[in-house]
Amino acid sequence: MKKTYQIAVFPGDGIGVEVIREALKILDVLAATANVAFEVRHGLIGGAAYDASGTPFPAESLDLALGSDAVLLGAVGGPKWEGLDYSVRPERALLGLREKLGLFANMRPVRVFDELVAASPLKPEVVRGIDIMIIRELTGDLYFGKPRGIRMENGQRIGVNTLVYTEEEIRRIALVAFETAMKRKKRVVSVDKANVLESTQLWRDVVTEVSRDFPEVDLRHMYVDNCAMQLIGNPAQFDIIVTTNLFGDILSDEAAMITGSIGMLPSASLGVTGGMYEPIHGSAPDIAGQDIANPLATILSVAMMLRYSCRMEKGARCIEAAVQEVLRAGFRTKDIHQEGTMLVGTAEMGDEVVKQFKNIKIAGNS
Ligand code: IPM
Ligand code: MG
C-alpha cells in the first residue's frame with residue numbers, strides 16, 4: 001500500500017505564492033513516480049488571511065497544520081500590513097505556527113553550489129565548497145519572552161522585550177546540534193554574547209554540559225559579533241553553528257549572502273513531532289507577481305521535507321541533484337544571473353527542475 005502524507009500548504013503573501021506553486025510541481029512528479037502519495041491541503045495565513053478574515057492566523061489554519069505530517073510555507077508579510085497592530089501582523093502567523101507546533105529547532109543549511117561561486121559577492125577562494133548548517137533555536141529568546149510591549153512610564157514611552165532561556169530549552173537545541181554534528185564533521189561552534197548577557201552565559205554553560213556526552217565533537221564558543229565577522233572573512237572554518245533565536249535570524253541572512261542569494265536557502269523547523277519547511281527569504285513584495293523570484297529555496301525546502309518528515313532520503317537527494325543539474329545547465333533567475341548564463345523566470349526555473357528531476361528519477365530506477 002502507498003504511504004500517504006498529509007501536507008499543509010500555506011503560500012502566504014508576495015512571492016510566497018509563486019515559489020510554492022513551483023515546489024508543488026515537484027511533489028506532483030514524485031507522487032506520480034514513487035510509491036508515495038501526498039494529500040496536499042491549502043490554507044491561508046499572513047496578510048492573505050488577514051484580508052480574508054481579519055486575522056493572520058485563523059483557527060482553521062492551525063488545525064490544518066496540527067492535522068498534517070508536514071507544513072510547507074511560502075512567506076508572509078508586506079508593506080500593506082505594516083501599520084497593523086502587532087497582534088494581527090502577518091508575522092504572527094509564522095511565529096504562532098512555530099510556537100503551537102513546538103518547532104524549536106530551525107535548520108538552515110548554507111551551501112555554495114560550485115556553479116554559483118561567481119554569484120557570491122565574496123572571492124571564489126573564500127566561498128568555494130562552503131557547507132554550513134546553522135541551527136537556530138526558534139521558540140525562545142526575545143521573540144517570545146515576557147514581559148514585552150510598549151507602555152507609558154513617567155510620562156514617556158518605554159519599549160520592552162525579554163531575553164529569556166531556560167536550561168531545558170538550551171539543552172534540547174544543543175542536543176540537536178551535537179547529534180547533527182555526529183552525522184557531519186563533528187564540529188560545533190556555539191554562538192552567544194556571554195561577555196554581556198547572563199542569559200547567554202547560561203547558554204554557554206549548558207551547551208558545554210551537553211558536549212560532555214559527545215566527546216568526539218569539537219566544540220568552540222564564539223561571540224556573535226565575532227561570528228558575524230568570521231562568516232565573511234573565513235566561512236570555511238564553520239560546519240555547524242548553533243545559536244539563539246535572534247542571533248540565528250541575523251546570522252542566517254548574513255550567511256545567505258555567501259551563497260550569492262537569499263533565494264537559494266531552504267529551511268526546516270523541527271519539533272518533537274512534525275516539521276515545517278520554508279525558504280528563509282521573505283515575501284519580497286517589490287518583486288511579487290512578476291515571475292522573477294527564485295523558486296530554488298522553496299524547492300530545496302521540499303527536499304528537506306522529504307528528508308526529515310517523510311524519511312525519503314533518496315527523494316531528497318534527487319531534488320538536490322536536479323537543482324544542481326539545472327544550475328550546471330546554466331539556467332538562472334535574476335538574483336543569481338550573470339553574463340554567460342540563461343535568464344529564466346520563476347515558472348521556467350521550476351519546469352527545468354522538474355525536467356531534471358524526472359531524468360534523474362528515470363536513470364535511478366533503470
Ligand atoms: C525568518 C524571518 C522571520 C523571523 C520573520 C518573518 C518573523 O525573518 O524566518 O528568518 O524573524 O524569524
Ligand atoms: Mg530572518
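I began with α10 and α11, which are roughly antiparallel to each other (angles under 35 degrees count as roughly parallel, over 145 as roughly antiparallel, 65 to 115 as roughly perpendicular and the rest as oblique). The model is predicted: local features need pLDDT of at least 70, side-chain atom pairs count only at pLDDT 80 or more, and totals for chains, interfaces and linings use all residues. Residues are numbered from 1 along each chain as its sequence is written, chains are lettered from A and ligands numbered from 1 in the order in which they are written, and side-chain values use heavy atoms, without hydrogens and water.

**Helix α10 against α11**

I looked up the geometry of the pair. Helix α11 covers residues 313–328, and α10 packs on α11 at about 160°, axes 7 Å apart. Axes are lines fitted to C-alpha atoms, for helices over the stretch in contact, and angles run from 0 to 180 degrees between N-to-C directions. Helices (H or I, at least four residues) and strands (E, at least two) are DSSP runs, numbered from the N terminus. The crossing is left-handed (near helix turned anticlockwise from the far one by less than a right angle; right-handed if clockwise).

I then listed contacts, meaning heavy atoms within 4.5 Å. From α10, the list includes Leu296, Ile299, Val302 and Leu306; from α11, it includes Ala316, Ile319, Val323 and Leu327. By class, I find 10 nonpolar, 1 polar and 4 charged residues in this contact. Ala, Val, Leu, Ile, Met, Phe, Trp, Tyr, Cys and Pro count as nonpolar, Asp, Glu, Lys and Arg as charged, and the others, Gly among them, as polar.

**Helix α10 against α1**

I turned to α1 (residues 15–33) and α10 (residues 296–308). Their axes come within 8 Å and cross at roughly 45°. The two are therefore oblique to each other. This crossing is right-handed. Val19, Ile20, Glu22, Ala23, Ile26, Leu27 and Leu30 in α1 meet Thr298, Ile299, Val302, Met305 and Leu306 in α10. I sort these residues into 10 nonpolar, 1 polar and 1 charged. Ile299 of α10 is in contact with α1 and also with α11.

**Helix α8 against α9**

Next came α8 (residues 224–233) and α9 (residues 245–258), with axes within 9 Å and a crossing of roughly 10°. I therefore note them as roughly parallel to each other. Val224, Cys227, Ala228, Leu231 and Ile232 of α8 touch Phe247, Leu251, Glu254, Ala255 and Ile258 of α9. The contact has 9 nonpolar, no polar and 1 charged residues.

**Domains**

I checked the domain assignment: domain 1 is 1–104 + 271–366, and domain 2 is 106–255. Such bounds come from an automatic or database domain assignment. The C-alpha centres of the two domains are 24 Å apart. Domain 1 gives 18 residues to the contact and domain 2 gives 23 residues. About 1800 Å² is buried between them, 64% of it from carbon and sulfur atoms (accessible area, 1.4 Å probe, lost by two parts on being put together, summed over both). On the domain 1 side, Arg98, Phe104 and Ile280 lose the most area, together 38% of what that side buries.

**Backbone**

I finished with two loops. Lys146 and Pro147 are joined by a cis peptide bond, omega about 5°. Pro147 sits in the loop between β5 (131–137) and β6 (149–153). Asn154, not a glycine, has a positive phi near 50°. Asn154 is in the loop between β6 and β7 (156–160).
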